[in-house]
Amino acid sequence: MLFRSGDINGSPAVQDSCAWALGFNEQSVPRRWPNYFLVIGGFVPKCLEVANFSTANGAPAAQHDCNTGPHQQWRYLPSGFTGDTALARWLSSSVMLQNVNSGKCLEVAGSSPEDGAAIVQNDCYRGLNQLWFIHVYRA
């Protein structure tokens, strides 16, 4: 996931081939575990949110100043993949990111493989475009 507009509020999240370079800091929400904020590291830290508190399918994910709103809170849902194949073992460590406000999951729109594809929310259905690998970096 990448934000191409730097530290500007409302910059949409998009897919990028160098997405591994984007660092998130996981911050637990006080008294609301297991919800987390995903804080985007940068000159001015921002939080990943669903824009405008939307509960609609296809609503874009964006960055914004952290404000503790439920649209900036996320649950990690296990992907549920099991099995002995290499693919199943690899996918077993993936998660879906469910927004607390909408109950919907982040996905790459249209399962696009292209750089610049939008990151949006949709009903959670365990599609490959909804699976994420979280690597938490703590300073």
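A disulfide is a pair of cysteine sulfur atoms within 2.5 Å. C105 and C124 form such a link, with their sulfur atoms 2.0 Å apart. The structure is a predicted model, in which local features need pLDDT of at least 70 and side-chain atom pairs count only at pLDDT 80 or more, while totals for chains, interfaces and linings use all residues. Residues are numbered from 1 along each chain as its sequence is written, and side-chain values use heavy atoms, with hydrogens and water left out.

The protein contains one helix and ten strands. Helices (H or I, at least four residues) and strands (E, at least two) are DSSP runs, numbered from the N terminus. In order from the N terminus, the elements are β-β-β-β-β-β-β-α-β-β-β. Of the 139 residues, 42% count as buried; buried means under 20% relative accessible area, exposed over 50%, and partly exposed in between, with a 1.4 Å probe and protein chains only. A contact means heavy atoms within 4.5 Å. Among contacts in the protein with a separation of 6 or more, 53% come from residues 24 or more positions apart.

A search of the whole structure finds two disulfides. In one of them, C47 and C66 have their sulfur atoms 2.0 Å apart. This disulfide is right-handed, because the torsion about the S-S bond of C47 and C66 is about 100°. C47 lies in strand β5 (residues 46-50) and C66 in the loop between β6 (61-64) and β7, so the pair ties together parts that are 19 residues apart in sequence. C47 counts as buried because its relative accessibility is 1%, whereas C66 is partly exposed, with a relative accessible area of 40%.

The link of C105 and C124 is right-handed, with 95° about the S-S bond. C105 lies in strand β9 (residues 105-108) and C124 in the segment after β10 (119-122), so this pair ties together parts that are 19 residues apart in sequence. C105 is buried, with a relative accessible area of 0%. C124 is partly exposed, at 31%. When the bonded cysteines of the protein are numbered in sequence order, the pairing is 1-2, 3-4.

In soluble globular proteins, nonpolar side chains tend to be buried together. A nonpolar core is a set of buried Ala, Val, Leu, Ile, Met, Phe, Trp, Tyr and Cys residues joined through side-chain atoms within 4.5 Å. In this model the largest nonpolar core has 13 residues, and those with the most contacts inside it are L48, A61, W74, L97, L106, I119 and W132. Strands β5, β8 and β9 each supply at least two residues of this core.

K104 is found in the loop between β8 (95-99) and β9. With a relative accessible area of 13%, K104 is buried. Not counting residues up to four places away in sequence, K104 touches T55, A56, N57, L97, Q98, N99, Q121, N122, D123 and C124. K104 and N122 are 18 residues apart along the chain, and their C-alpha atoms are separated by 5.3 Å. The side chain of K104 also makes a polar contact with the side chain of N57, at 3.0 Å. A polar contact is a pair of N or O atoms within 3.5 Å; within protein, one must be able to donate a hydrogen and the other to accept it, and residues adjacent in sequence count only if both atoms are side-chain atoms.

N129 lies in the segment after β10 and is buried, with a relative accessible area of 11%. Residues touched by N129, not counting those up to four places away in sequence, are L106, E107, V108 and S111. Its side chain makes a polar contact with the side chain of S111 (3.4 Å). N129 and A109 are 20 residues apart in sequence and 7.7 Å apart in space, C-alpha to C-alpha.

S79 lies in the loop between β7 (74-78) and α1 (86-91). S79 counts as buried, at 1% relative accessibility. Leaving out residues up to four places away in sequence, S79 touches L91, S92, S94, V95, R126 and L131. R126 lies over the face of F81, at 4.7 Å from the ring centre. A charge sits over a ring if NZ of Lys or CZ of Arg is within 6 Å of the ring centre and within 35 degrees of the ring normal.
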